Structures are given as C-alpha cells and as structure tokens.
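Trainee: Before we begin, could you take me through this model slowly, setting each value against the rule behind it?
Mentor: Gladly; have the sequence and the structure open beside you as we talk.

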Amino acid sequence: MNKRLTIISLGVAVCVSLSGCGSIGKIAEKVKEQTTQAKQESNQAQDTAKYNTYIALSNYLTQRLDKTFEMYFQEFGGEEEIRIRKNFTGFNTIPVLQGHKDDVDKALAFASKEPSYQAADESVKALVPKLKELMETTGEMQTYYQNKAHAEDEFSKGKELHKKLLVQFNQVSDLADKFFADFAVITEQRKKEDLEELKKSDQLVRYHAMSIVNRAQDIQKAFDKAGVTDDNVLDFDANQYAELYKLLTEDIDKFTELSKDKERLKKEKVQIVPVFTDSIQRVKTAAADLMEILRTKDTTISSDMKGKVTTGGKNMPLKNFDKRVSAVVDSYNTMIGLSR
C-alpha cells in the first residue's frame, strides 16, 4: 500500500513538471487549481472557527461571567473583607458549566494555531490560565453556598473564598481588557468586510440587522472612551451623541421597513424573530432617553419608569442602555443562527 501511494505522488509530480505539454499540462494545472482552492477553503474554515471561538470567549466574559460577579458583589461587596447581611439565607448565581470550560480551553488551543491574530493570540494565552483559576474558584463558591456549608462553619471558608475571588477577578478583569482591545482590531476589520459583502450582494435585511448591532456598540464604546458613566452622564458631548443616535435610528427604521418585504426575506433566506424586532425597539427607546437626558440636562428621564410607582432610586440610563444592547446582540445571534 505504501508503494502505491508513492507511485501516485510521483505521477502528480511528473505532470506538474510537464505543465507546458498539451493535455497533460492542462490536467496538472487543474489539479493545482483544485489543490489551491481546497487549501484556501481549509484556511477560511480554520479562520472562521478561530474567530467564532474568540467571539464565544468574549461573550462569556461580558455576559455570563460579568453577570455572575455583578450578583456576587451585590450580595457580598467588593471590598477585601466579605460583607454578610444579618438576614442572609443563601446565595444562588449563574453556574459554571462544563461547556463553558470547554469553550475556554478551545480558545487557548486556537491561540497557537493559524491564522495568527497576533496580539490577540498573546492576550488569550495570558488570559485563559487565570480565567480557568477564577472559574474553578467560582465553582467552589457556588457549591459552598448551595450546600449551605456557610451555616456550619460560620462563613469561615466563605471569607477565604471571597478574598481569593476578589484577587482572581481583578486579575482576569485586567487581562480581559487587554484581550478586548487586541481582539477589537480583528473584529472591527471583520465587521467592515462583512457589511461591505452584505451590501454588495444586496442582502440589505442582514446588512441593516448587523449594522444595528454595530451602531449600538459604537455608542457604548464612545461613552467608555470618554470615561463617562451614569455618575457623570451629562459630561458627554450632546452633539457627538446626536450623530451616533441618528445612525442607529436610521438603521433600525430601515430594517423595520425591509423586514416587511416577504420577497426580500425569501431571497435573503432570513427568518425574522420577534425577540429581535422587540429588542431593537427597546434599544431605540433607551437611546432616545439618553438623547433627551443630554439635551435637557434632566437625568430623571426614563421611559421604563413611566406610569410605574418607584422608590425614588437613581436613574441609570447607561446601565439600562447596556442591558438593551446585550439583548440585541443575543437576539441577533439567535436570528442569524436560525437563518443559516
């Protein structure tokens, strides 16, 4: 069998070397083209798999992990010493599943594979080991409270876990910020290429759906870059925001219009899901609230609170907008997944 394979290989080599000789040359050229095409398709598949794996890592960090520790710090505080409420009865949060661990391991494996994502690969290599340690400690914490062990040892282990979690979370946060910045170089270029391709191929429903996500995230990035939070939201330039708001609402309105064209939906093979149409309207409302807040300098504006009895708590327009954007991203991924 080995001998037969050797003969076939030599035969191909001869054909290639005689590429200028009539039909033999044409066959060789065809083989060469097919080999090149197969290699390009393989490289593209590898690139897509790596890109999607890094996206999954990013989503885990910004959604599940972030939500887990938002809940944890709300309950136990973010200081070195744990804060325990007098009426504490238990604590439940988002579990660390084996699938999450597998996704993180997959990202680390891809960091050493082609194509190279340069700085993003190095940031993944630095991030993942620390993230795995944090996930392990988080799992311990969740088991500890689920088993009500805190009632038996009077929070002895809970206090140790708290200090450990705090150190690990801060380490991961810093490394995650580096990963986000490095990977953003890749994602921004990829988004631009994808949008251009969608527009070029007249897939305008998909184009505006993707653009909505990008426009909403552009608003988030603008506030973040300016160092503006809910505490100093009025410091953001109203004129700058007005332009970002205009671009977002134009895409939402255009998508809404096109999504009613049944022939176009059929042509583009798009399955519109109600959760996406609902989420983009909610993000539009949250964006409009921000526009009014910056225009009127009135931070009490909140469409979500109209007609409701409130406790007079502080309005958090940026936090609300971030929540709406997260919902848009999730629903967009759902829609695109169903429209393949």
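Trainee: How many aromatic pairs does the count come to?
Mentor: In this predicted model, the count comes to 26 aromatic pairs.

Trainee: Why is the pair of Tyr54 and Tyr117 called edge-to-face?
Mentor: The ring centres of Tyr54 and Tyr117 are 5.6 Å apart, and a pair needs centres within 6.5 Å. Their planes stand at 85 degrees, and because planes over 60 degrees apart count as edge-to-face, the pair takes that name. Tyr54 belongs to helix α2, while Tyr117 sits in the loop between α3 and α4, so that the pair links parts of the chain that are 63 residues apart. Both Tyr54 and Tyr117 are buried.

Trainee: What makes the pair of Phe179 and Phe180 tilted?
Mentor: For Phe179 and Phe180 the centres are 5.8 Å apart and the planes are at 45 degrees. Planes under 30 degrees apart would be stacked and those over 60 edge-to-face, so this pair is tilted.

Trainee: Why does Lys191 count as buried?
Mentor: Its relative accessibility is 17%, and the limit for buried is under 20%, so Lys191 counts as buried. Lys191 has its place in helix α6, residues 156-200, and, leaving aside residues up to four places away in sequence, Lys191 touches Met210, Asn214 and Gln217.

Trainee: And what makes Ala288 partly exposed?
Mentor: Ala288, which lies in helix α10, has a relative accessibility of 25%; buried would require under 20% and exposed over 50%, so Ala288 counts as partly exposed.

Trainee: Which residues touch the most other members of the largest nonpolar core?
Mentor: That core has 42 residues, and those touching the most other members are Phe223, Tyr241, Phe255, Phe276, Phe321 and Tyr332. The elements giving two or more residues to this core are α6, α7, α8, α10 and α11, and the largest share, ten residues, comes from α7. Tyr332, setting aside residues up to four places away in sequence, touches Ala209, Met210, Val213 and Phe276. There is also a second, separate core of 39 residues, which includes Tyr60, Phe88, Val128 and Phe169.

Trainee: Where is confidence lowest, and where is it highest?
Mentor: Confidence is lowest in helix α1, with a mean of 29, and highest in helix α8, at 98. Over residues 1-24 pLDDT stays under 50, and the model has six contacts for them beyond four places in sequence. Where pLDDT is low, the predicted coordinates should not be read in detail. For the protein chain the mean pLDDT is 87, with 85% of its residues reaching 70 or more.

Key. Residues are numbered from 1 along each chain as its sequence is written. This is a predicted model: local features need pLDDT of at least 70, side-chain atom pairs count only at pLDDT 80 or more; totals for chains, interfaces and linings use all residues. Side-chain values use heavy atoms; hydrogens and water are left out. Helices (H or I, at least four residues) and strands (E, at least two) are DSSP runs, numbered from the N terminus. Buried means under 20% relative accessible area, exposed over 50%, partly exposed in between (1.4 Å probe, protein chains only). Contact means heavy atoms within 4.5 Å. pLDDT is the predictor's confidence in each residue, from 0 to 100. A nonpolar core is a set of buried Ala, Val, Leu, Ile, Met, Phe, Trp, Tyr and Cys residues joined through side-chain atoms within 4.5 Å. Rings of Phe, Tyr and Trp (its six-membered ring) pair if their centres lie within 6.5 Å; planes under 30 degrees apart count as stacked, over 60 as edge-to-face and the rest as tilted.
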